[in-house]
Amino acid sequence: VQVRKLKSQYVLDNLLRAYIIVPFEVLKEASVHSNLSLYIFQKPLRGKFLVEVLRWLSLITHVLIFSLAAIGLAIFRDKWSYSLLLPGMIFLLYLIFLQRGIEERYMLPFLVPFLLGAISTIRVLRLSIPNSSEKSVQ
């Protein structure tokens, strides 16, 4: 009971930190990493040029997948896209705001639906941009 009171008082005293800063830090931890957690990438080969290139490519891909999936959730209007992305986003919000701890193993199952959502987002965004070659034909 005392721990709950202490926690409640801490949250009240630090609303910005509790509801904005910490969730943002947890989101960053979940989405801004390379997913290269095998020992070989962490110790023996770390710092090697090709491994660092792979690490950066993986990081950029991971961040793009999360970003495009979130954008897709905002722009899609069909049930298939919502059923693909919404459960993962709800789980991500749970991890960010309630559990506040993220391990890679929790996020791996959602990379596939997020990747499909990211691909769909690229497709929708690409179709919504007028093609310059079509304008020149007219």
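What follows is a short account of helix pairs, the core and selected residues. The model is predicted.

**H2 against H5**

- H2 brings Tyr 19, Pro 23, Val 26, Leu 27 and Ala 30 to the contact. H5 answers with Leu 92, Leu 95, Ile 96 and Phe 97.
- By class, this contact holds nine nonpolar residues, with no polar and no charged ones.

**H4 against H6**

- H4 passes H6 in a left-handed crossing.
- On the H4 side, the contact residues are His 62, Ile 65, Phe 66, Leu 68, Ala 69, Ile 71, Gly 72 and Ile 75.
- On the H6 side, they include Met 107, Leu 111, Phe 114, Leu 115, Gly 117, Ala 118 and Thr 121. Ile 122, Val 124 and Leu 125 in H6 also take part.
- The contact of H4 with H6 counts 14 nonpolar and four polar residues, and no charged ones.

**H5 against H6**

- The crossing of H5 and H6 is left-handed.
- H5 contributes residues including Trp 80, Leu 84, Leu 85, Pro 87, Gly 88 and Met 89. Phe 91, Leu 92, Leu 95 and Gln 99 are also among them.
- The H6 partners are Tyr 106, Met 107, Phe 110, Pro 113, Phe 114, Leu 116, Gly 117 and Ser 120.
- Residues of this H5 and H6 contact divide into 14 nonpolar, four polar and no charged.

**The nonpolar core**

- The largest nonpolar core has 18 residues.
- Those with the most contacts inside this core are Phe 66, Leu 85, Met 89, Leu 92, Ile 102, Met 107 and Phe 114.
- H2, H4 (49-75), H5 and H6 (104-128) each give two or more residues to the core.
- H5 gives the most, with five residues.
- In soluble globular proteins, nonpolar side chains tend to be buried together.
- Ile 102 is in contact with Val 26, Glu 29, Ala 30, Leu 92, Leu 95 and Met 107, leaving aside neighbours within four places in sequence.

- Gly 72 lies in H4. Gly 72 counts as buried because its relative accessibility is 0%, and the cut-off is under 20%.
- Gly 72 touches Leu 85 and Thr 121, not counting residues up to four places away in sequence.
- The C-alpha atoms of Gly 72 and Thr 121 are separated by 5.0 Å. Along the chain, these two residues are 49 residues apart.
- Arg 55 also lies in H4. Arg 55 is buried because its relative accessible area is 11%, against a cut-off of under 20%.
- Not counting residues up to four places away in sequence, Arg 55 touches Ser 34, Leu 36, Phe 41, Gln 42 and Arg 46.

Technical notes
Residues are numbered from 1 along each chain as its sequence is written. This is a predicted model: local features need pLDDT of at least 70, side-chain atom pairs count only at pLDDT 80 or more; totals for chains, interfaces and linings use all residues. Side-chain values use heavy atoms; hydrogens and water are left out. Contact means heavy atoms within 4.5 Å. Helices (H or I, at least four residues) and strands (E, at least two) are DSSP runs, numbered from the N terminus. Ala, Val, Leu, Ile, Met, Phe, Trp, Tyr, Cys and Pro count as nonpolar, Asp, Glu, Lys and Arg as charged, and the others, Gly among them, as polar. A nonpolar core is a set of buried Ala, Val, Leu, Ile, Met, Phe, Trp, Tyr and Cys residues joined through side-chain atoms within 4.5 Å. Buried means under 20% relative accessible area, exposed over 50%, partly exposed in between (1.4 Å probe, protein chains only). A crossing is left-handed if the near helix is turned anticlockwise from the far one by less than a right angle, and right-handed if clockwise.
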